[in-house]
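Hi,

Here is the structure I promised to pass on. Have a look at it first, and then read on for what I found.

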Amino acid sequence: QVQLVESGGGLVQAGGSLRLSCAASGSIFSFSTMGWYRQATGKQRELVATITSGGSTNYADSVKGRFTISRDNAKNTVYLQMNSLKPEDTAVYYCNARPRWVAVTGDYWGQGTQVTVSS
């Protein structure tokens, strides 16, 4: 059974920083593209950043230059370092695992962690 457990959310002032972590149980981590998505109140869930098992990264234009995604395969953990936070970054952030066999199993999601940026 795969579980993704996020941590690190909270309340921060604009311009501040937070680091989110997502620990994955099970044996899929090394075979998965890991990602962070977010959903603000009244909006659709959107991609923030992804990182492949080989370390290639992809970012939403809105976070480029401010957020950094990384992974530690030895710890089965993916991180999202968020700097220069803005009020519009306020959302619930979700960890995602997309294994190579996603067509069979689908994506896996964490429960989400709230990030609130005050102006």
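Let me start with a contact between side chains: D89 and R38 meet in a salt bridge, with 2.9 Å from N to O. By salt bridge I mean a side-chain nitrogen of Lys or Arg within 4 Å of a carboxyl oxygen of Asp or Glu. The two residues lie 51 residues apart and link distant parts of the chain, D89 sitting in the loop between β8 and β9 (91-99) and R38 in strand β4 (residues 32-39). Both D89 and R38 are buried; buried stands for under 20% relative accessible area, exposed for over 50%, and partly exposed for what lies in between (1.4 Å probe, protein chains only).

Before going further, a word on the source: this is a predicted model, where local features need pLDDT of at least 70 and side-chain atom pairs count only at pLDDT 80 or more, while totals for chains, interfaces and linings use all residues. Residues are numbered from 1 along each chain as its sequence is written, and side-chain values use heavy atoms, with hydrogens and water left out.

Back to the charged pairs. The structure holds five salt bridges. One of them joins R98 and D107, whose closest N and O atoms are 2.7 Å apart. R98 counts as partly exposed because its relative accessibility is 39%, and D107 is partly exposed too, at 27%. Salt bridges with shared partners also tie R38, E46, R66 and D89 into one network. Another pair is D61 and K64, with 3.1 Å from N to O; at 66% relative accessibility, D61 counts as exposed.

Now the fold. The chain has one helix and eleven strands, taken as DSSP runs numbered from the N terminus (helices: H or I, at least four residues; strands: E, at least two). Along the sequence the pattern reads β-β-β-β-β-β-β-β-β-α-β-β. The radius of gyration is 14 Å, close to the 14 Å that the globule rule gives for 119 residues, so the chain is as compact as a globular protein of that length. That radius is taken over C-alpha atoms, and the rule is 2.2 Å times the number of residues to the power 0.38. Of the 119 residues, 39% are buried.

Four strands form an open sheet in the order β1-β3-β8-β7, with antiparallel pairing. Strands β1 (4-7) and β7 (67-72) stand at the edges with a single partner strand each, so one side of each has no neighbour in the sheet. Two strands are said to pair if DSSP finds at least two bridges between them. Within this sheet, β3 (residues 18-24) and β8 (residues 77-82) are antiparallel and share six bridges; C22 stands opposite V78 in β8.

Which strands does β9 pair with? One partner is β4, in the antiparallel sense over eight bridges, and here G35 stands opposite N96 of β9. Another is β11 (residues 113-118), antiparallel over three bridges, with V115 as the bridge partner of A91. β10 (residues 108-109) also pairs with β9 in the antiparallel sense, over two bridges, and W109 in β10 is the bridge partner of N96. β9 itself is mostly covered, seven of its nine residues being buried.

Best wishes
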